[in-house]
Amino acid sequence: HELAPFNIAVKIIEPGGVPTNFRNGLEMIKNEITEYNSLMASFFSRYTKTTEHLHKAKVEDVAATIYLAATDGKEKLRYVIGDDAQFYIDLKIKNNDEVFVKKMRDYFIN
């Protein structure tokens, strides 16, 4: 709101999973907290399972959406790309904080 007088629009681009080589270049910091190992193993083995059946955005979809958001002249705030991204947005909108947190923990940790 404070940028509007300067003709600056803020847009949020919210892609879900996008097939790139991003993870290939990651260097994970070594975990030295033994108690955390099982939580990390659980998370990394489960983090794509919940939405694996949903349509994912392509790199081209993300690029096209960024261009659209930058040029459409609309006061639209959010641009969601991919059914997997919409899944988590809907999950948050349809639930109170306590239910949302429980569901997220169930998906990724419990």
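This is a predicted model: local features need pLDDT of at least 70, side-chain atom pairs count only at pLDDT 80 or more; totals for chains, interfaces and linings use all residues.
I started with Arg-78, which is partly exposed at a relative accessible area of 43%. My cut-offs: buried is under 20% relative accessible area, exposed is over 50%, and partly exposed is in between, with a 1.4 Å probe and protein chains only.

Residues are numbered from 1 along each chain as its sequence is written, and side-chain values use heavy atoms, with hydrogens and water left out.

**Salt bridges**

I looked up what Arg-78 pairs with, and found a salt bridge to Glu-14, with the closest N and O atoms 3.1 Å apart. Arg-78 sits in strand 2 and Glu-14 in strand 1, so this pair ties together parts that are 64 residues apart in sequence. For the record, a salt bridge here is a side-chain nitrogen of Lys or Arg within 4 Å of a carboxyl oxygen of Asp or Glu. Helices (H or I, at least four residues) and strands (E, at least two) are DSSP runs, numbered from the N terminus.

How many salt bridges does the whole structure have? My search turned up four. The general idea I jotted down is that side chains of opposite charge can pair when their charged atoms come close.

Another of them joins Lys-11 to Asp-72, with 3.0 Å between the closest N and O atoms. Lys-11 lies in the segment before strand 1 (12-15) and Asp-72 in the loop between helix 2 (59-71) and strand 2, so the pair links parts 61 residues apart in sequence. Lys-11 is partly exposed at 22%.

I also checked Asp-106, whose side chain meets that of Lys-102 in a salt bridge (2.7 Å, N to O). These two are four residues apart in helix 4 (residues 97-108), which means about one helical turn separates them. Asp-106 is partly exposed too, at 29%.

**A nonpolar patch**

Next I looked at the surface. Leu-3, Phe-6, Ile-8, Val-10 and Leu-77 form a nonpolar patch with about 470 Å² of accessible area together. Patch rule: residues have over 30% relative accessible area and no salt bridge, with nonpolar side chains (Val, Leu, Ile, Met, Phe, Trp, Tyr) joined within 5 Å and like charges within 9 Å. The areas come from the Shrake-Rupley method with a 1.4 Å probe, and for residues only the protein chains shown count as cover. Leu-3 is in the segment before strand 1 and is partly exposed, at 32%.

Which residues of helix 3 are buried? I got Asp-84, Ala-85 and Leu-91. The buried residues pack against strand 1, strand 2 and helix 4.

Gly-82 is in the loop between strand 2 (78-81) and helix 3 (83-94). I found Gly-82 buried, at 17%. Leaving aside neighbours within four places in sequence, Gly-82 is in contact (heavy atoms within 4.5 Å) with His-55 and Ala-57.
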